Amino acid sequence: MEQVQKSIMKMIRGLVTKPYEERVSWAMENSGREESDDTMSQRGRVVTEEEWLKKWQLRNIGFHNEQGHVLLKKHLDVFLNGRSGLKIFFPLCGKAVEMKWLADMGHHIVGVEISETALKEFFTDQNLSYSEETVPEIPGAKLMKNTSGNISLYCCSIYDLTSSVAGKFDAIWDRGSLVAINPCDRERYANLMLSLMNENCCCLLVTLAYDPSKHTGPPFYVPESEVKKLFGQCCDIRLLEKIDGFTEHHSRAWGLDYLWEVMYMLLLK
């Protein structure tokens, strides 16, 4: 016991004396030992659809990125893999600017979002005229399409958008979706994503790594072990990159000391 205590104290002293960047690196590398305990602090957190709608009404949409995500731009060649005219899925799309960007490259975009406000703002922000129609397979749902027909956005629960409604996809861009859904729904979500992937589909998934004891979410902390648990049986998983996503907002509003964005590539086995 005495030897174990000495070892622990030595490890702690080494961590405290390291520069900030090295402490964060140490935390990332050793997070696997505590992941099961850390994620428990968020397991029971449930955000209702009404709460998400209210975020858009109150303009509490700090998750929206006006410039497009740097990791998608950097790894675009991996995402597209030389393919043209892809059918690309944006789960929980909000008004993501990347939809217009990829549509302009000749791809067909399909998104799903519970907030009608978000979808209307997308078309307005991008100066796109659009039409609305009902979705016979989903009571109460709306389908919004731009005039050229290469952007189709469904306003409904993501769990209602099955392959029988939308078909399967050549690519999926998941930034802000897995990290937004309630932790208790992750298995259901993963099964839906897998059912929407065609055999050559490339899914780029961006998760967040931070201290979940300091922020209840959303967005939620999703460790690598959770990604493997959800997708590892059906997909080959490759960690493409980790980038420092920490800003003053994360410190001030969430009480965090660090935040990493972690990108994975998922390919069906």
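Biologist: Is K95 buried or exposed?
Modeller: This is a predicted model, in which local features need pLDDT of at least 70, side-chain atom pairs count only at pLDDT 80 or more, and totals for chains, interfaces and linings use all residues. Residues are numbered from 1 along each chain as its sequence is written, and side-chain values use heavy atoms, with hydrogens and water left out. A residue is called buried under 20% relative accessible area, exposed over 50%, and partly exposed in between (1.4 Å probe, protein chains only). K95 has a relative accessible area of 7%, and the class of K95 is therefore buried.

Biologist: With which residue does the side chain of K95 meet in a salt bridge?
Modeller: A salt bridge is a side-chain nitrogen of Lys or Arg within 4 Å of a carboxyl oxygen of Asp or Glu. At 3.1 Å, N to O, the side chain of K95 meets that of D125.

Biologist: How many residues apart in sequence are the parts that K95 and D125 tie together?
Modeller: K95 lies in the loop between β1 (87–90) and α7, whereas D125 lies in helix α8. Helices (H or I, at least four residues) and strands (E, at least two) are DSSP runs, numbered from the N terminus. The pair therefore ties together parts whose separation in sequence is 30 residues.

Biologist: Which residues of helix α8 are buried?
Modeller: Helix α8 comprises residues 116–125. D125 is partly exposed, with a relative accessible area of 42%. The buried residues of α8 are A118, L119, E121, F122 and F123.

Biologist: At about what angle does α8 run to β5?
Modeller: The cover of the buried residues of α8 includes α4 (49–57), β3 (130–134), β4 (142–146) and β5 (151–155). Axes are lines fitted to C-alpha atoms, for helices over the stretch in contact (heavy atoms within 4.5 Å), and angles run from 0 to 180 degrees between N-to-C directions. Helix α8 lies across β2, β3, β4 and β5, and its angle to β5 is about 160°.

Biologist: Which strands are the edge strands of the sheet?
Modeller: The open sheet has nine strands, in the order β3-β4-β5-β2-β1-β6-β7-β9-β8, with mixed pairing. Two strands pair if DSSP finds at least two bridges between them. Pairing on one side only marks the edge strands, β3 and β8.

Biologist: Which residues of the largest nonpolar core touch the most other members?
Modeller: A nonpolar core is a set of buried Ala, Val, Leu, Ile, Met, Phe, Trp, Tyr and Cys residues joined through side-chain atoms within 4.5 Å. Y154, for example, touches residues including V110, V112, L119, L143 and L161, when residues up to four places away in sequence are not counted. Of the 46 residues in the largest core, those that touch the most other members are F89, Y154, L161, I172, L178, M193 and F231.

Biologist: How many residues are in the other core that lies apart from it?
Modeller: Among the members of this other core are I88, L102, M144 and C202. The number of residues in this core is 30.

Biologist: With which residue does E226 form a salt bridge?
Modeller: The whole structure holds eleven salt bridges. The closest N and O atoms of this pair are 3.3 Å apart, and the partner of E226 is R186.

Biologist: In which helices do E226 and R186 lie?
Modeller: The two residues are 40 residues apart in sequence, so the pair ties together separate parts of the chain. Both E226 and R186 are buried. E226 and R186 lie, respectively, in helices α11 and α10.

Biologist: What percentage of the residues of the chain count as buried?
Modeller: The chain contains twelve helices and nine strands. Of its 269 residues, the buried share is 48%.
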